[in-house]
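This report describes a single protein chain for a reader who works with computed models. Please consult the sequence and coordinates below before reading on.

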Amino acid sequence: MSLPHSTITPITDTNPSAVPSLWNVRYTEIDENFQDIDVRQEALETDVANARGDKPTLADKVTDIVSSVTSLDARTGALELDSAIAVSEAVKLDWLYRNMRFATELWTPNWTLLDDIEITVTEAVAGSQRVEVSDKSDLVEGEEYVIFDNNAVESVVVGTILTGAEAFEATVPLSNTFTNATLKRSSFTIENGTGTAEDGDMYFCGPLNLGSDDIDKALIIRRDDNDTELKLYYQDDTHTTWTEAHWEWRRTVEGQTGVIEVEYRVPSRDNMNLKLVAVAGTITSQVVIYHMVGVHADTALKGNHHPPEKPVNDEPGDGVQNINEVPTLSIAGYNSVVSSNQSGLQVQITTTQSDYASPAYDSEEVVPGGTSHSVPAGKLAVSTTYYWRMRVKDADGAWSDWSDETSFQTAQSFAYMATPLNQGPVDGAVDVPEQPTLSSTVGVLVNYQAKSLNDGSSNLWLQSGTTSTEYYYTGQDIGVQPTEVEASGSALTTGTLGSLAAGEWAWGNNDDLGYETIYVHLASGDPDGLSADTITCTPMHEASEWQIRNTAGTYDEPEYSSGEVADLTAHIVPPGKLQEGETDYYYRVRHKGTYVGWLDWSAETKFTTKEVFANIIGIALVHEGGGGGTWQRVDKDGSNKTTNEAFFNNHPVWGGIVDVEIASQKMVKIPKFYFKKDAAPTGSDQAGKTCWWISDMPADGFVVYPAFLDEGTEIDCFYVGKYENYEASSSPLMFGSDINKAPKTSLSLADTEAAIQQRNVSAGTEGFHLLTIYELAAIQLLFLIEKGTPDVVSAIAPGNLYSHSVAMTGATSAIYRGISELWGNVWHAIKGIRCTGDDYMEILKPGGTMNEFVSTNIKCMQNNGYTVSILESQGQDFDFNYLFMPASIGAAFSTGTLADCYNYINGSSYLFLAHGGNSSTGNDQGGIFALLFDATSVADYTGSRMAKY
């Protein structure tokens, strides 16, 4: 720093030395320099005094600073508070786990997830819930902490913070006594940017939110590579107690010897609390943790995967004897704590206990695995004790430990039913329905000697009293029909009982024996006249048993067992046994042979059910009136459902409506469905509104729709004429269903039914009949749900409603799902509902015969107009909820709910019902819901349509 005047102005040699004016200037400059030096000195002394602070000298102060800096460097170590190193580490983690919502624990004040609470525990006694502390002000009731000193570590939940004392009540009594201990959120030793945990140390963190999406979260811990274990637990709204989250992957850390990274799967959603507990290994009891990172999903960094749980041998039971040559060995189940599916198994069998160096049988890896394995033929010997074990492999390549071995002993001889093979559903099948057909290979007997049917001396055969050339075997121990009968080593041919030719045999009872047995016709006559063992029979596959377990269950308590059934190679699972929702199941089967009994179960096969078994869809009546009402499609719970054409085309019912040809008649198949009518549940979009639902299979609250009952028996479908009836033959009169024909009208109801019945006589078939009220209502309901409106005119087309001229069949656009002229053209007489002379309705009994009418004591509407409300009356053997009959009528179209007209014409002791309107009805009256009670049996505007069971 320079002075104000670095050089005093010189006096030139030409000037007199003693001139005052020359010296005055120089004195001024010198004075200014001294003044500046004084100011500087004062400032310096002030700065030194301030810098020295409470130290006697500046040197003392510098020494103190150096000491502090040295101490700071020792504390920060390799990872400093907010230094570039800490930020660099965080940036690396960001790159490693980028695009994931994450949280980090770096064990430094600004990079920790821990609460900073630290309270002295002055006294806590084992067996007591009272904990005395130095300060209770920061404690939170319901929060969990850890108490620790040099002797013990224990977690404690604050139950009640006591008043009048520095203390709280824990939720449970303490296990240890503490004096002058510490209460914190972690007992880890945290320094130099790491956390060190000894056996029993705990760490609590929460609440933590890694995203609310419906996927498992992950926690990654970078730590020392030793055998001290870190157990991770979590709590959330669903898991209110600590639930263990198991490690899923272990991997080495590049460039860091002795350091690994462990990734835990945390199946939590939304906010959660974490708990980390150190558990000492056999070699070490301490672990250093470098950081923890929580992310919202699996990192996909892989490594060594957590293996499945060690399996437990299940069948055969330990020490079981009389095992055949090809036993099925099974374990109790497969379990992966990190939800990794199974991909394989391996079985080993040995004759020397615990020695598998050279096993008698090694399956090696079997894919895709399962929980059972059938030993191939030729591997086991008779009368031998074997020991076996199994291990399983998960989809990520990790093998479990071997199961603890168990033993079995083989039979003295091998004669048995071969172990069946599962054939359907195939292994890994998905979208399996509620009632799948289980199938297996045909049962085959192995190593079995044919049963002798004659001994050369006893009278085991008797001549048939019905057919003299036939002899029947009297030894009833055969029990069931054999597979084959041989004479002199040659197989007899299967023939017809009662007319067997020489060299033939049959199974049956042609002599009122009370049981079935073998009949033979031999060229030599009486089989008893032959030498011993000349006539033999081979036993057969007599019965089967089918079992299903769920993925976590066992066959000791199966989800379903058929018991012994005659479904030898195919069995349909009954309803109500399987759960929807993509549930995993396993099935197996065993066969029973005549004389040899049961043998081993097949190796099990896995299948997965459909997300939803029943395809349920419905429609709600939101408001009556307006011409066509206000309707809304709903799901099974009564909430609004959006559908499109593809939805109905793919639905088993609508998608199953197809054209067929039966006895040369053009028909349309309507698949069976189940029905429910009720108010939508509380809380749904249409709560309280009347809904009509259909399901393609049985479901809770649903009944089979009566159109699919034939005299009380359920049928899979009914068929409706694709076209209106035409006169296919005049003598006798017979109706048919075909395109481009003139609809036949002007017949009485009796003649109409007779002309349809003639179709059965002519074709040698049965089941053709006049379309019934239930079949019509089934079609109406399907239309209403699919189109979302009863107004067929606007939803599809008017058809022939105003031309005043009947069109040929198939000529109009009035077509629904292949059914032509379903409305308009001509009225269609309907079987199944009629009005008596006093206007009381009689109706076919649901599921009854075609002529079983029941009285309803309910009158039909006796005026013309439009249906406003729909009849819901029911009684013994009748229920109008299946139908769309009017309960009230409005005069104007705008008052109507079903869009179409209702007409009533009196004048007869009986009124029959017709449907659809005709060519003169008009657009605002005709349609799929148009109805006519007519007193005239013969009219040029009334035709018909056939149907068939």
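In which sense do strand β35 and β40 pair, and over how many bridges? Strand β35 (residues 484-487) and β40 pair in the antiparallel sense, over four bridges. Strands and helices are DSSP runs numbered from the N terminus, a strand (E) having at least two residues and a helix (H or I) at least four; two strands pair if DSSP finds at least two bridges between them.

The model is predicted, so local features need pLDDT of at least 70 and side-chain atom pairs count only at pLDDT 80 or more, while totals for chains, interfaces and linings use all residues. Residues are numbered from 1 along each chain as its sequence is written, and side-chain values use heavy atoms, with hydrogens and water left out.

**Overall form**

The secondary structure of the protein chain comprises seven helices and 73 strands. Its radius of gyration, taken over C-alpha atoms, is 46 Å, whereas a compact globule of 949 residues would have one near 30 Å; the globule rule is 2.2 Å times the number of residues to the power 0.38. The C-alpha trace spans about 165 × 95 × 70 Å along its principal axes.

Of the 949 residues, 47% are buried, where buried means under 20% relative accessible area, exposed means over 50%, and partly exposed lies in between (1.4 Å probe, protein chains only). The accessible surface comes to about 42900 Å², and carbon and sulfur atoms account for 46% of that area. Such areas come from the Shrake-Rupley method with a 1.4 Å probe; for residues, only the protein chains shown count as cover. Among contacts with a separation of 6 or more, 68% are between residues 24 or more positions apart, a contact being heavy atoms within 4.5 Å.

**Strand pairing**

Strand β40 (residues 535-538) is also joined to strand β32 (residues 451-452) by two bridges, and these two run antiparallel. Within β40, Cys537 is the bridge partner of Lys451, and Ile535 is the bridge partner of Ala487.

Elsewhere, five strands form an open sheet with antiparallel pairing, in the order β48-β47-β52-β51-β53. The edges are held by β48 (630-634) and β53 (703-704), each with a single partner strand, so one side of each is left without a neighbour in the sheet. Inside this order, strand β51 (residues 674-679) and strand β52 (residues 690-695) pair in the antiparallel sense over six bridges. Ala679 stands opposite Thr690 in β52.

**Salt bridges**

The structure holds 32 salt bridges, each defined as a side-chain nitrogen of Lys or Arg within 4 Å of a carboxyl oxygen of Asp or Glu. Three of them are listed here.

| Salt bridge | N to O distance |
|---|---|
| Glu248 – Arg265 | 2.8 Å |
| Asp738 – Lys666 | 3.6 Å |
| Lys831 – Glu753 | 3.1 Å |

Glu248 forms its salt bridge with Arg265. Glu248 lies in strand β14 (residues 247-252) and Arg265 in strand β15 (residues 259-266), so the pair ties together parts that are 17 residues apart in sequence. Both Glu248 and Arg265 are buried. These two residues also belong to a network of salt bridges that links Asp214, Asp216, Glu248, Arg265 and Arg269.

The side chains of Asp738 and Lys666 likewise meet in a salt bridge. Asp738 lies in the loop between β58 (733-736) and α5 (749-763) and Lys666 in strand β50 (residues 665-671), so the pair ties together parts that are 72 residues apart in sequence. Lys666 is partly exposed, with a relative accessible area of 27%.

In the last pair, Lys831 forms a salt bridge with Glu753. Lys831 lies in strand β62 (residues 827-835) and Glu753 in helix α5, so this pair ties together parts that are 78 residues apart in sequence. Lys831 is buried at 7% relative accessible area, whereas Glu753 is partly exposed at 27%.

**A buried loop residue and a surface patch**

Leu883 lies in the loop between β67 (878-879) and β68 (886-890), and Leu883 is buried, with a relative accessible area of 0%. Apart from its neighbours within four places in sequence, Leu883 is in contact with Ile773, Tyr774, Ala777, Ile843 and Ile870.

By contrast, Phe34 in helix α1 (residues 20-52) counts as exposed, at 53% relative accessibility. Together, Ile30, Phe34 and Ile37 make a nonpolar surface patch of about 260 Å². Patches are made of residues with over 30% relative accessible area and no salt bridge, like charges being joined within 9 Å and nonpolar side chains (Val, Leu, Ile, Met, Phe, Trp, Tyr) within 5 Å.
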